[in-house]
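Hi,

Here is the structure we talked about.

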Amino acid sequence: MIKYQFKYFTGMAAALFVFLLFAGCKSKEKSDDLLLSLMVGGGTHAMNSDALEVVSRSDSSSTTTVSGKIVSMTTPGAGSHIIQNGTVQMGVNKQGHLNVGGGTRSTGRYGTYNVGLRYMETNSEATAPGCLCEGWGVGDAISGKSGNASVHTGGVKNVSVEDFKSDGVSATSVVTVDGIYRVTHDYHPSSETPNLYEVTVTIENISSKTVELLYTRGMDWDISPNTFSEYVTIQGTADAENVKWASDNGFLNVNPFASRYRRWAEGDFVDSGPTDHGAHFDFDFGKLNAGETKTFNIYYGAAGTEEDALTALSSVQAEVYSFGQANWSGTGDFKSPLGASKGTYGKTTGEPHTFIFGFSGVGGKAVKNQKVAADAGEDISVRECSLKGANLTLSGSGSADKPFTFYWEAAGVAFDFPSIASPTGLFPVGINMATLTVTDADGLKDSDDVKVTVI
């Protein structure tokens with residue numbers, strides 16, 4: 001039974017609820033003037049004239065505020081857990097998607113007690129202030145079978161939980177999907193950087209037939225201080241062979257077979273906005289025989305600047321990523337529940353927080369470390385009469401804008417001084433690949449290759 005409680009509305013509440021839900025869960029600005037509270041399936045929902053914000057549900061409860069006032073609060077459910085490493089905090093449901101209740105109130109406009117992805121340094125929440133749209137889906141392009149898990153963008157369909165466990169730092173969800181897949185999402189702190197949580201995704205074909213593995217992951221970015229007005233970046237998709245499609249439409253159904261359309265941008269783009277949008281990725285991992293598995297990694301996190309966010313992604317060799325950044329001028333209190341002055345400072349510097357959503361193992365090129373960038377120089381092609389090859393000097397001087405240690409290596413080549421920027425080596429006739437690795441004082445590394453052709 002559905003029970004409605006009205007503040008200013010009467011018989012049109014149900015129609016307004018459906019309209020606003022399909023309009024995208026919220027608008028860019030919210031007002032208090034027409035607040036509606038609905039009790040649906042044991043969960044409390046807050047809605048006003050411009051927006052809908054679901055703040056609780058039967059398996060994971062939560063609290064929300066409108067203009068700093070608590071609208072509703074419930075206690076955390078058994079089917080979810082909040083985990084953290086001291087820098088990043090996440091709320092994980094038993095089916096493997098994000099956004100749960102039971103947290104502290106986040107900073108910025110429209111602070112929430114829901115937890116999806118938080119940067120603990122600023123206590124800013126990136127996925128839960130409005131539409132609880134983060135989620136995943138998996139499908140088989142051959143049989144058409146599929147399943148998905150999200151609060152708002154498709155719900156939980158054809159997903160059965162086998163196991164869920166958490167120790168407050170890590171969480172692991174194991175589910176089966178429509179009789180064809182066993183999907184494991186293993187959330188744990190990255191061993192390379194405190195700014196990222198790594199999610200190792202393992203998908204096993206538990207059917208007796210070959211499948212074509214499709215996977216979707218999406219979210220709605222909501223970045224404070226001016227929540228529902230943010231800048232979004234997506235990069236790396238053009239070089240990633242497993243990326244089927246990507247866009248800023250974080251409100252799409254996460255089922256791989258649902259309709260697809262962009263909100264403002266698709267593919268690779270930088271600093272789209274400011275507006276209310278997110279990040280959505282569809283992957284095609286190709287054929288998977290019965291009993292075989294596919295493993296790849298997802299990264300969620302945050303940093304205080306864009307440069308630090310890129311460094312974090314580089315440290316884990318991420319290939320595809322999205323940033324959610326603030327519409328903020330750099331002035332005023334970014335933690336204020338009233339928001340702060342809007343501007344481009346947030347997208348330019350990445351301050352006060354840059355939120356991160358990335359992938360590795362998806363057939364792309366690793367993100368370059370912006371603090372440590374190796375440059376092995378341009379490819380070389382020479383003619384040499386000697387059958388022994390050619391003595392050539394390579395140059396890594398393009399890397400030396402700060403103190404680095406250098407190391408050169410190439411198969412079948414002995415360098416005179418491999419630990420200097422520009423060593424000399426005897427390159428045999430044919431095509432040779434030389435690799436330069438640079439390391440800074442903090443132990444951060446980057447590598448670059450140069451092709452040396454001796455004719």
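First, a term for what follows: with a 1.4 Å probe and protein chains only, buried means under 20% relative accessible area, exposed means over 50%, and partly exposed is in between. Asp178 is partly exposed on that scale, because its relative accessible area is 29%. It sits in the loop between strand S14 (171–177) and strand S15 (181–189), and its phi is positive, near 55°, in a residue other than glycine.

Please keep in mind that this is a predicted model, where local features need pLDDT of at least 70 and side-chain atom pairs count only at pLDDT 80 or more, while totals for chains, interfaces and linings use all residues. Residues are numbered from 1 along each chain as its sequence is written, and side-chain values use heavy atoms, with hydrogens and water left out.

**The chain as a whole**

The protein chain has three helices and 30 strands; helices (H or I, at least four residues) and strands (E, at least two) are DSSP runs, numbered from the N terminus. Of its 455 residues, 54% are buried. If you take contacts (heavy atoms within 4.5 Å) between residues at least 6 apart in sequence, 66% of them join residues at least 24 apart. The chain exposes about 18,200 Å², with carbon and sulfur atoms supplying 51% of that; the areas come from the Shrake-Rupley method with a 1.4 Å probe, and for residues only the protein chains shown count as cover.

- Glu134 lies in the loop between strand S10 (124–125) and strand S11 (135–140). It counts as buried because its relative accessibility is 0%. Its side chain makes a polar contact of 2.8 Å with the side chain of Arg217, and also reaches the backbone nitrogen of Leu98 at 2.9 Å.
- Tyr215 is in strand S17 (residues 211–220) and is buried, at 0% relative accessibility. Its side chain has a polar contact with the side chain of His185 (2.9 Å). Asp284 is 69 residues away from Tyr215 in sequence, yet 6.6 Å away in space, C-alpha to C-alpha.
- Ser322 belongs to strand S23 and is buried too, with 0% relative accessibility. Its side chain makes a polar contact of 3.1 Å with the side chain of Trp221. Beyond four places in sequence, the residues that Ser322 contacts include Val232, Ala279, Phe281 and Phe355.

In H2, Ala309, Leu310, Thr311, Ala312, Leu313 and Ser314 are buried. The buried residues of H2 pack against strand S16 (196–205), strand S22 (293–303), strand S23 (320–326) and strand S24 (354–360). After the helix comes Gln317, with a positive phi near 60°.

What lines the second largest pocket? Its lining is made up of Glu192, Thr193, Pro194, Asn195, Asp308, Thr311, Ala312, Ser315, Gly443, Leu444 and Lys445. Helix H2 (residues 306–315) gives the largest share, four residues. The pocket holds about 160 Å³ of space. On a 1 Å grid over the protein atoms alone, a pocket is an open set of points where a 1.4 Å probe fits, with protein on both sides within 12 Å along at least five of seven lines, and lining residues have an atom within 4 Å of a point. Grid points are joined across faces, edges and corners, and a volume is the space filled by probe spheres set on the points.

One of the lining residues, Lys445, is found in strand S30 (residues 445–454). Lys445 is exposed because its relative accessible area is 54%. Lys445 and Ser314 are 131 residues apart in sequence but 9.0 Å apart in space, C-alpha to C-alpha.

The loop between S17 and strand S18 (230–235) contains Pro225, which is joined to Ser224 by a cis peptide bond with omega about 15°. Phe228 is in the loop between S17 and S18; its phi is positive, near 80°, and it is buried at 0% relative accessible area. Another cis peptide bond joins Glu351 and Pro352, with omega about -5°. Pro352 is in the loop between helix H3 (345–349) and S24.

Cheers

Conventions: Polar contact = N/O pair within 3.5 Å; in protein donor to acceptor, adjacent residues only side chain to side chain.
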